[in-house]
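Colleague: Before I rely on the labels in your description, I would like to hear how each one was reached. Could you take me through them?

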Amino acid sequence: MTDLRELYQELILDHSRSPRNFRPMPDASHKAIGNNPLCGDRVTLFLRVEGDRIADVSFQGSGCAISKASASMMTDALKGKSPAEAEVLFARFHEMVTMDPRASFEPGSLGKLVVFRGVAEFPARVKCASLAWHTLQAALVSKEGKVTLE
């Protein structure tokens, strides 16, 4: 288990240091801003939805390694998905990071996002991991959304 945790930590650090899809998107069809004032994490999420698919997704912002890595990995996971599939992915991710860390969990379609499973052991970090995801929900509901986690 220690080797697996180290691998997970490396993946999170890699996405934090070199976030994927970290850029503005001038032609975004949806945009939302997320803020966690308690720890200073901020994210702006851009989506370009074409038909029933997320054709492109990117983000900008600042925050801790967990927050940045979560946004980076989320954007990778969302490309090509429908908004409905994105909502299901959000629900599974949120369930994973908020459930009892001793409970068994089947990652199913989460893929590499399972690296955030350990966040459930640190309740103060759940908002860091989920800020980008709540921002995604705001972007999907309203083309100009805002979310604040407190």
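Predicted model: local features only at pLDDT ≥ 70, side-chain atom pairs only at ≥ 80, totals over all residues.

Colleague: What makes the contact of Arg92 and Glu95 a salt bridge?

Modeller: The term requires a side-chain nitrogen of Lys or Arg within 4 Å of a carboxyl oxygen of Asp or Glu; the side chains of Arg92 and Glu95 meet at 2.8 Å, N to O, and therefore qualify. Both residues lie in helix 3 (residues 83–98), three residues apart, which is about one turn of the helix.

Colleague: Why is Arg102 called exposed?

Modeller: Its relative accessible area is 74%, so Arg102 passes the limit for that label. Arg102 forms a salt bridge with Asp100 (2.9 Å, N to O), and Asp100, at 34%, is partly exposed. Elsewhere, salt bridges that share partners join Arg23, Asp27, Arg48, Glu50, Asp56 and Lys79 into one network.

Colleague: How do you know that the length of helix 4 agrees with its number of residues?

Modeller: Helices (H or I, at least four residues) and strands (E, at least two) are DSSP runs, numbered from the N terminus. The expected span of a helix is 1.5 Å times one less than its number of residues, so the 19 residues of helix 4 should span 27 Å, and the end C-alpha atoms are 26 Å apart, which agrees.

Colleague: What makes you speak of a kink in helix 4?

Modeller: The bend at a residue is the angle between axes fitted to the seven residues ending there and the seven starting there; in helix 4 there is a kink of about 45 degrees, centred on Ser130.

Colleague: How do you know that strand 1 and strand 2 pair?

Modeller: Two strands pair if DSSP finds at least two bridges between them; strand 1 (residues 30–36) and strand 2 (residues 41–50) have seven, in the antiparallel sense, and therefore count as paired.

Key:
Residues numbered from 1 in each chain as written. Heavy atoms only, no water. Buried < 20%, exposed > 50% of the residue type's maximum accessible area, 1.4 Å probe, protein only.
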